[in-house]
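Here is a short briefing to read alongside the model. Have the viewer open and follow along as you go.

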Amino acid sequence: MVRATKTLVLFALAGTTVIAAVSCAAYLSGQGATAQRGRGKELKLDDIPVNGERAHRYLREICDIGPRPSGSEGMKQQQQLLEKRFRELGGQVSLQPFVARHPLDGSAVNMANMLVQWHPQSKERVLLVAHYDTRPFPDRDRRKPKGRFIGANDGASGVAVLLELGHHIPTSKTKLGVDFLLVDGEEFVFNDRDPYFLGSDYFARTYVVEPPPYRYRWGVVLDMVGDAQLQILQEQNSLRWSDTRPLVDQIWKLARELGVHEFIHRTGHEVRDDHLALHDIAKIPTCDIIDFDYPRSGAASYWHTEADLPDKCSALSLAKVGWVMLEWIRRVQ
Ligand SMILES: [Zn+2]
């Protein structure tokens, strides 16, 4: 089985021979997707009832804090900012603290997931997930692998879409309650052997051991969704699991209906991401929406480098992903 962490796949795409063999099958399956693009009228910001400019302002506001790895001062500042913003919008905000071991020296690192709840009385809910920690170092940066990692696309983009959705959820008619989960410790890693997904793992285990008085019917992870050259293929685990396949079908069909052709109806890579723990441990059918497929262009060119900055992300991409999610939330049951 391909252990397709985000890291391994992209190294393979960059042509690193050592592991190219294990990942090329996954890569080849994503070929041909460009044939789907460019059909129909191109959407503009004004066509979309989600405010992409505001989402991009949120993204910049988060990035202005600087690096936000788990346990850092930047993470603390981000938590304060998000708590304030989500409360202003009417969300119920709570933190789920946990302690993890520092992979380098074993010391304790304080981490916390943030849960934002809308219509908290609903017993049947959906969970929208983004990681809000940033990788400690831009280790794919050829010039400065120990430099400053801002994580505009890989970190802030999912959070920015959720902030923008916070303006729409309170006034939207939904059948299910809506929760946003911002997970910590998604990539508090210093090399690829270090454990990923600490926050989603903790959340999933707690959901099983101390079940809340409601249940999540569906979950969706948003990761790297702001790239200006957005291309979102269907992630392989999400397609393969029988309980998430209908979710993938629904979302991509809906995107097509809205004219958001960046959701491409083809199989992409197998990506290890926060959906694994939510699906495997918590048994919440959760799919991964991630732009992670194109070598040397788009997100792949600056991924885990110092260049992952707000200028790589566009208001239009954030608006498109936000719109698909908003429509999905309004219809899901
Ligand atoms: Zn990353």
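Predicted model: local features only at pLDDT ≥ 70, side-chain atom pairs only at ≥ 80, totals over all residues.

Residues are numbered from 1 along each chain as its sequence is written. The chain has 11 helices and eight strands, where helices (H or I, at least four residues) and strands (E, at least two) are DSSP runs numbered from the N terminus.

**The chain overall**

- Of its 333 residues, 51% count as buried, meaning that 20 or more other C-beta atoms, placed from the backbone, lie within 10 Å of the residue's own.
- Among contacts (C-beta atoms, placed from the backbone, within 7 Å) between residues at least 6 apart in sequence, 80% join residues at least 24 apart.

**The sheet**

- Six strands form an open sheet in the order β1-β2-β4-β3-β5-β8, with mixed pairing; two strands pair if DSSP finds at least two bridges between them.
- Because β1 (92-101) and β8 (286-290) each have a single partner strand, they stand at the edges, and one side of each is left without a neighbour in the sheet.
- From one strand to the next, the twist averages 20°.

- β4 (residues 177-183) is mostly covered, with seven of its seven residues buried.
- G177, D179, L181 and V183 point one way from β4, while V178, F180 and L182 point the other way, and all are buried.
- Strand β2 (residues 108-118) runs antiparallel to β4 and is joined to it by five bridges. L115 stands opposite L181 of β4, and Q117 has D179 as its bridge partner there.
- Strand β3 (residues 124-131) runs parallel to β4, with seven bridges between them; L128 is partnered with F180 of β4.

**Helix packing**

- Helix α6 (residues 198-209) lies across β1, β2, β3 and β4, running at about 65° to β2. Axes are lines fitted to C-alpha atoms, for helices over the stretch in contact, and angles run from 0 to 180 degrees between N-to-C directions.
- The axes of α3 (residues 52-64) and α5 (residues 152-165) come within 8 Å and cross at roughly 130°. That makes α3 oblique to α5, since angles under 35 degrees count as roughly parallel, over 145 as roughly antiparallel, 65 to 115 as roughly perpendicular and the rest as oblique.
- Residues making this contact include Y58, L59 and I62 of α3 and A156, V159 and L163 of α5.

Methods:
Contact = placed C-beta atoms within 7 Å. Buried ≥ 20, exposed ≤ 12 C-beta atoms within 10 Å, placed from the backbone.
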